[in-house]
Amino acid sequence: EITRLAKEEGEVIVYSASSRMSAVGAEFTKRYPEIKVTSYDLGSVKTFEKTISEQEANIFNADIITTGGSGNFIYDLIGKNRAVNFVPSMYKDMIPLEYQEPALVRILEAMVLMYNSELHSAPPITNIWELTEERYRGKIVIKDPLASLSNLMGIVAIAGNADEMAAAYKRLYGEEITLSPGVKNAGFEWIYRILHNDLIISDSGGTVTGASGKKGQQGLPPISITTFTYLRYNTTKDYINNLLFPLDPFDGIIFPTYTAIARQAPHPNAAKLFTEFLLGDPSITLDTVIPEPYTEGKALE
């Protein structure tokens, strides 16, 4: 019945932080040619700005909202009834409850650190505090946390785990950390020191990943603070990134990407059907063999 009504609605409009959502939409339309997919690649910050500003103006254009930025999603969208949680029934027994409520987690991602494997045969550092040393001045690249809510949440997580950051400092240098004037804990101290070590801040996650991953670099190549998904560029762009692993006190900071149906969605059944499509085939298990390339043929199906 949902599928029948979705076909009658004929369209689904997606506000997304992912540049790949339009490709997902194209595959959805192959399966459901009666339904047009319009996807807006907005990034996390603009996804919230557009959703909230439109609804406050009594404009209800979006059907699906899918993005990271957990604080904003839970409190500004779900908590203020700007979005409605929906978990397709066939997945409820497959997804842990913590990833169903208060909003459906579509992807678990991670903020990670990558290094150039052409010039390093092994991870060049083993402790996060090494990035604050002089040898890495101007050699650390990150996407602007004010333009990426997922990166912002990662930075918040570092600041919020001050005891672990202080312990990692002592393990590396054999002494207690001394905080800079006005800095209240070791998490903030790491942020303070990396900023003062000429941190390079970019507006593009792809640019950040390329800084560490491009071939043919000379000297000490940069370390990128980026998201795990960009490791795919090793295949698509011939990069040579590798993960800094193991790294004290963390290898990565896990964060969710949520999906929900926008308040007063004009195409609610198409939104439900698209949500089901996003989650993939429920028959897939850990033993399922999916051959490369993943975006073609049977693997894609």
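Helices (H or I, at least four residues) and strands (E, at least two) are DSSP runs, numbered from the N terminus. The model is predicted, with local features requiring pLDDT of at least 70 and side-chain atom pairs counted only at pLDDT 80 or more, while totals for chains, interfaces and linings use all residues. Residues are numbered from 1 along each chain as its sequence is written, and side-chain values use heavy atoms, with hydrogens and water left out.

View A. The peptide bond from Asp248 to Pro249 is cis, with omega near 5°. Pro249 is found in the loop between strand E9 (241-243) and E10. A cis peptide bond also joins Glu292 and Pro293, where omega is about -5°. Pro293 has its place in the loop between helix H10 (268-278) and helix H11 (297-300).

View B. Most residues other than glycine have a negative phi, and most peptide bonds are trans. Asn58 has a phi near 65°, a positive value in a residue other than glycine. Asn58 lies in the loop between H3 and strand E3 (64-67). With a relative accessible area of 62%, Asn58 is exposed; exposed means over 50% relative accessible area, buried under 20% and partly exposed in between (1.4 Å probe, protein chains only). Phi of Asp198 is near 60°, again a positive value in a residue other than glycine. Asp198 is located in the loop between H7 and strand E7 (200-202) and is partly exposed, with a relative accessible area of 42%.

**View C. The largest nonpolar core.** A nonpolar core is a set of buried Ala, Val, Leu, Ile, Met, Phe, Trp, Tyr and Cys residues joined through side-chain atoms within 4.5 Å. The largest such core has 29 residues, and those with the most contacts inside it are Leu113, Ile128, Trp129, Leu131 and Trp190. At least two residues of this core come from each of strand E5 (104-116), strand E6 (140-143), H5, helix H6 (162-173), H7, strand E8 (223-227) and strand E10 (252-262). H7 gives the most to this core, with four residues. Leaving aside its neighbours within four places in sequence, Ile128 is in contact (heavy atoms within 4.5 Å) with Leu113, Met165, Trp190, Leu247, Asp248, Pro249 and Phe250.

**View D. The second largest pocket.** On a 1 Å grid over the protein atoms alone, a pocket is an open set of points with protein on both sides within 12 Å along at least five of seven lines, whereas a cavity is a set of points where a 1.4 Å probe fits but cannot get out; lining residues have an atom within 4 Å of a point. Grid points are joined across faces, edges and corners, and a volume is the space filled by probe spheres set on the points. The second largest pocket has a volume of about 200 Å³. Of the 13 residues that line this pocket, Pro145, Ile155, Ile191, Leu195 and Leu199 are the closest to its centre. Helix H5 (149-160) and helix H7 (186-195) each supply at least two lining residues, and H7 gives the most, with four. By class, this lining has 12 nonpolar, no polar and one charged residues. Here Ala, Val, Leu, Ile, Met, Phe, Trp, Tyr, Cys and Pro count as nonpolar, Asp, Glu, Lys and Arg as charged, and the others, Gly among them, as polar.

**View E. The largest cavity.** The structure holds one cavity of 30 Å³ or more. About 50 Å³ of space lies in the largest cavity. Its lining residues include Tyr15, Thr51, Phe60, Ala262 and Arg263. Helix H3 (residues 43-56) gives the most to this lining, with three residues. The lining comprises six nonpolar, three polar and two charged residues.

**View F. The aromatic pair of Tyr233 and Tyr239.** Rings of Phe, Tyr and Trp (its six-membered ring) pair if their centres lie within 6.5 Å; planes under 30 degrees apart count as stacked, over 60 as edge-to-face and the rest as tilted. By this rule the count comes to 10 aromatic pairs. Tyr233 and Tyr239 form an edge-to-face pair, 5.9 Å centre to centre with 80° between the planes. Tyr233 counts as buried at 11% relative accessibility, and Tyr239 is buried with a relative accessible area of 11%.
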